[in-house]
Amino acid sequence: MTLAKPAFPAPDHDHGRCTADALAHAEAVCRQRAQKFTPIRRQVLEALLSSHRPLGAYEVIDELAKSMARPAPITVYRALDFLMANGLVHRIESRNAYLACAAHDHDATSAVAFLICERCGLVGEIPSASFAKDLNAAARSSGFAPKLSVVEITGVCTHCQKAA
């Protein structure tokens, strides 16, 4: 299986372009769904897009506080809930943190796998439909009704392997 794009961005990638593409995608999703992409939702997404590392809610607040009055935690959590519900942000359970969605070609119920680098902290996102299909089938055969499949895999990204 070959991926359409690498799971991890190159260290010298055009991050401004990466961020602009993600924001344009978010605007399009909200427009298609007749949802409001409010300034605070945009700012929370921009904070998450500031790097390819997951951020906890309070780290998002700290990032926002650099350019605006410190928002209340409930405000940030509500924005995160909205962004997650619209498939624009994922929650990395093992880190209790949030990550802007890197793959724009899956819906909110699609299974994804996160590749978490133990050295640099970057998180890559890859499709895992075939794996999830088998996993969900096994769950159903046990009488379980699965809803969401998220797989988190830790290891070392290719950039850190090359640097070692």
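Hi everyone, let's start with strand 3, where both faces are covered: Val112, Phe114 and Ile116 on one side, and Ala113, Leu115 and Cys117 on the other, are all buried. Buried here means under 20% relative accessible area, with a 1.4 Å probe and protein chains only. Strands are DSSP runs of E with at least two residues, helices are runs of H or I with at least four, and both are numbered from the N terminus.

A quick word on the source: this is a predicted model, where local features need pLDDT of at least 70 and side-chain atom pairs count only at pLDDT 80 or more, while totals for chains, interfaces and linings use all residues. Residues are numbered from 1 along each chain as its sequence is written, and side-chain values use heavy atoms, leaving out hydrogens and water.

Back to strand 3, residues 112-117: 6 of the 6 residues are buried, so the strand is largely enclosed by the rest of the structure.

Now, which strands does it pair with? Pairing requires at least two DSSP bridges between two strands. Strand 4, residues 123-127, runs antiparallel to strand 3, joined by 5 bridges, and Ile116 has Val123 as its bridge partner there. The two form a hairpin with 5 residues between them, and Gly121 in the turn has a positive phi of about 85 degrees. With strand 5, residues 150-155, strand 3 pairs in the parallel sense over 6 bridges; Phe114 stands opposite Glu152.

Finally, please look at Leu48, in helix 2, residues 39-49. Leu48 counts as buried because its relative accessibility is 1%. Beyond residues up to four places away in sequence, Leu48 touches Leu55, Val60, Leu80, Val89, Tyr98 and Ala100, where contact means heavy atoms within 4.5 Å.

Technical notes. Buried < 20%, exposed > 50% of the residue type's maximum accessible area, 1.4 Å probe, protein only.
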